[in-house]
Amino acid sequence: MDSLDQIFIRLKHQLVAFAPQAIQPFLSMLLNIAAIIAVFGLLFALVTVLERKGLGRIQNRRGPNRVGPAGFLQFAADGIKALIKEDIVPAGADRLLHFIAPFVLVVPVLLAYSVLPMGRNMVAIDLDAGVLFFFAAGAATELSPFLAGWASANKYSLLGALRAIAQMLSYEIPLVLAAVPVVMMAGTLSTVQLVDAQAGYWGWLPNWHVCTPWGLAGFILFMIAATAESNRSPFDLPEGESELVAGYFVEYSGFKFALFFLGEYLGMFAVSGLAITLFLGGWHAPLPWLTFLPSWFWFFAKLLLLIAFFIWIRGTLPRLRMDQLMNFAWKFLLPLALINLVVTGLCRFLPGDGWKGGLLQWLVGGSILLMAWWGLGRFLSTRRGWTKRTYRYAE
Amino acid sequence: MTPNLFILALLVIGGAAAAMTLRNLIHCALALALSFLGLAGLFLHLNAQFVGFAQILVYVGAVSIVILFAILLTRGGDTQEPPLPKKGLLAGGLITVGVFAILSGGIGGSHLLPLVHPSPPAPSEPTVAEIGKVMMLSCVVPLLATGVLLTAALLGALLLALKEKQTEPPSRP
């Protein structure tokens, strides 16, 4: 069991031991990077097919089923197509910025993977400020839609870029605020220690943060904000194809378009990985009698579950309107995240331990959060009185 | 000077210089973001992880985006500035050199310099927990004051944005 759990770590150590002493640190780094790029690149390829199949099933059709067994080699065909397509740059474009925009998206997203613990001892770097590093890398990607949209010299792409920036700035605040309670309760910003803080079981219940009132509220807030940050439906306004053709990457073709595609999916996986680390117990097994399965299996099982959730949401919900999007972020998610922060502090100092303490936390914290949820949804984020909308610049 | 430090310094100074001399406002803002990134690298080079990542999160991720947003909202598509005037170039350069000489002379002659310069005995890397303790215990008053200031700024921004009160039914032109 232990050998299966640590199989990748052992493999890496043996590979590194072959090399001469001088290049061993570099080889170790290189293997970490290669593993991350290979595993998540392949996951990206598979998920594109899975998503198309899942959406197809939701829409009562079959999805891709021609290339390879049951259509699962569709990604290879798509990749080859992207590689051999002509790379078109518009005549009025800013060539340099148009060129670097996809890389500004992909590189920070790949960096963010370096702090995700994907199994016991399986983390590229255990930074003391790991969660902060993740959010910093996520924030750096926000420049990319702007670069792409502005450099394309196209009004659709510029509108898409403006939407993307407004959305990402607005939803980054609830995203970070939803993660703060976990950091507060665990007392650390290191992702490895966050996972360690969720070890063990209460009876048969896992000791995960999602099993507490503030953790559950934080998880829901985090997932909503993560959906918006990764530009996925119902928050896909920056690339709303019925309004903006394709939003900020309307002028991209061939492999640069594929890189945007890759960056978005990798961003979705990374933020799901952080949700798993923060709320869903990282690589810990959900039930005590399931611990015989290796830790990396649990991480990737949870990751695939969250991806399935994303696909389900995409197939189910219609796209929001711009004012609904902003109202939702600033009048609902942000106050709820702040209230959740207060509830977390309250839960920390509630008396009692064991199941009695847990019950008290659920009663007090849960009722406050439910009331806040109901009140905010009922009073703050509804529109009072319908009037004719005027658009100052568009009339 | 190690090569790392040299590259980072080049990034910071080059980015700042480009932010001043480029004639397209968008390019200027992006060069400024590059300079911020180099600054974050300098913090990381000094083992200040928390400050470095916060610099990227706040300055590269938020401040530069807000600058870009403001440029696009106020200027529309026209972000091109007229070329730099050649006239005051010499005088400006002389003043720059003078200010630099005075500042570097002041810093070089400071009695505080021996405290920081001659290779300090490698202080232990400040952990985030230590920073948090300092902020919450000894520096709690400045922290609260900053919080109040930011809240006031937020409320002020809301008040500015709130003025769209409809007094009369809008008529189509």
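How many Å separate the centres of domain 1 of chain B and domain 2 of chain B?

**Figure 1. The two domains of chain B in the predicted model.** Chain B is divided into domain 1 (1-79) and domain 2 (126-158), with bounds that come from an automatic or database domain assignment. The centres of these domains, taken over C-alpha atoms, are separated by 24 Å. Residues are numbered from 1 along each chain as its sequence is written, and chains are lettered from A and ligands numbered from 1 in the order in which they are written. This is a predicted model, in which local features need pLDDT of at least 70 and side-chain atom pairs count only at pLDDT 80 or more, whereas totals for chains, interfaces and linings use all residues.

**Figure 2. The side of chain A that touches chain B.** In this view 20 residues of chain A are in contact with 19 residues of chain B, two residues being in contact if their C-beta atoms, placed from the backbone, lie within 7 Å. The elements of chain A that give two or more residues to this side are α6 (130-140), α7 (143-151) and α8 (155-186), where helices are DSSP runs (H or I, at least four residues) numbered from the N terminus. The largest share, six residues, comes from α6(A). Leaving aside neighbours within four places in sequence, Ala136(A) is in contact with Phe53(B), Ile56(B), Leu57(B) and Gly61(B).

**Figure 3. Packing of helix α10 against helix α15 in chain A.** The axes of α10 (residues 213-229) and α15 (residues 354-380) of chain A come within 8 Å and cross at roughly 35 degrees; axes are lines fitted to C-alpha atoms, for helices over the stretch in contact, and angles run from 0 to 180 degrees between N-to-C directions. Pro213(A), Trp214(A) and Ala217(A) in α10(A) meet Gln361(A), Trp362(A), Gly365(A), Gly366(A) and Leu369(A) in α15(A).

Figure 4. Although Lys81(A) and Phe255(A) are 174 residues apart in sequence, they lie 8.8 Å apart in space, C-alpha to C-alpha.

**Figure 5. Confidence along chain A.** Among the elements of chain A, helix α11 (residues 241-244) has the lowest mean pLDDT (71) and helix α13 (residues 295-316) the highest (90).

Conventions. pLDDT = per-residue confidence, 0-100.
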